[in-house]
Amino acid sequence: DAIKQILVEGQEINFCNQHSVHWTHPYAWEGRGTLHTSGCGIFALCHAAQWLTGKAQDPCQWADFSCCHGGRGDDGTDRPALLSALQETGEASRLGFRYAFDGLRNDLDTLQTFLLEKRGVSLCNLRRGHIVCLVDARVLDGQVQLLAIDSASESASERVRDHVCEVL
């Protein structure tokens with residue numbers, strides 16, 4: 001299935017499964033790419049917006065927006081460029097968030113505090129070239145754990161599996 005409704009922390013989310021071959025909508029860079037091959041940032045945006053507003057989003061609409069506004073880069077979504085375009089056009093507020101043009105900050109302590117205090121969500125690279133939506137955090141046995149909604153379900157990948165504590 002391309003989209004499956006799931007329940008996460010009591011919230012219904014239309015989970016966009018990037019592995020589905022049905023994601024044929026173009027998300028092109030130099031003529032190549034679809035949501036299936038390159039759409040993790042768009043799916044993360046849709047997950048974030050639904051988490052914040054309760055309203056499901058159309059990934060195809062946001063892929064088109066991203067391409068038209070400089071948010072599509074050579075390896076997928078250029079997160080700061082997409083978020084900047086959303087903020088500048090007023091679409092960010094409609095999606096339930098704001099962007100302070102600090103997308104490359106890389107401050108883990110600030111991110112953890114932000115999520116622990118339930119001040120919002122974050123689009124974050126799980127690894128280089130793969131964006132997920134972080135929606136919550138908890139402290140368990142003195143360790144901060146972040147809850148990610150991951151369209152490509154890479155939790156078993158050797159690149160990140162040693163950092164995964166639990167899969168829902």
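1. Model and confidence. This is a predicted model. Mean pLDDT over the protein chain is 91, and 96% of the residues score at least 70. Confidence is highest in α3, at 98. Strand β7 (residues 122-127) has the lowest confidence, with a mean of 87.

2. The sheet. Three strands form an open sheet in the order β7-β8-β9, paired antiparallel. β7 and β9 are the edge strands, each pairing on one side only. On average, neighbouring strands of this sheet are turned by 60 degrees against each other, direction ignored. The antiparallel β7 and β8 are joined by 5 bridges.

3. Helices on the sheet. Helix α2 lies across β7, β8 and β9 and runs at about 45 degrees to β8. Helix α6 (residues 108-116) also packs on the sheet, where α6 touches β7, β8 and β9. The direction of α6 makes about 70 degrees with that of β8.

4. The largest nonpolar core. This core has 35 residues, and Ile42, Leu45, Trp62, Leu86 and Leu123 touch the most other members. Two or more residues each come from β2 (11-16), α2 (40-53), α3 (59-68), α4 (79-89), β8 (130-140) and β9 (143-149). Helix α2 gives the largest share, 9 residues. Another core, of 5 residues, lies apart from it; Leu111, Leu115, Val132 and Ala137 are among its members.

5. Leucine 123. Leaving aside neighbours within four places in sequence, leucine 123 is in contact with Ala44, Leu45, Ala48, Arg79, Leu83, Ile131, Val132 and Cys133.

6. Histidine 47. This residue is found in helix α2. Histidine 47 counts as buried because its relative accessible area is 0%, below the 20% cut-off. Not counting residues up to four places away in sequence, histidine 47 touches Ile13, Asn14, Phe15, Cys16, Cys133, Ile149 and Ser151.

7. Aspartate 58. Aspartate 58 sits in the loop between α2 and α3. Its relative accessible area is 38%, so aspartate 58 is classed as partly exposed, a class that runs between 20% and 50%. Aspartate 58 and cysteine 16 are 42 residues apart in sequence, and their C-alpha atoms are 10.0 Å apart in space. Cysteine 16 is also one of the residues that histidine 47 touches.

Notes:
Residues numbered from 1 in each chain as written. Predicted model: local features only at pLDDT ≥ 70, side-chain atom pairs only at ≥ 80, totals over all residues. Heavy atoms only, no water. Core = buried A, V, L, I, M, F, W, Y, C linked by side-chain atoms within 4.5 Å. Buried < 20%, exposed > 50% of the residue type's maximum accessible area, 1.4 Å probe, protein only. Helix = DSSP H or I, 4+ residues; strand = E, 2+ residues; numbered from the N terminus. Contact = heavy atoms within 4.5 Å. pLDDT = per-residue confidence, 0-100. Pairing = 2+ DSSP bridges. Axes fitted to C-alpha atoms, helices over the stretch in contact; angles between N-to-C directions.
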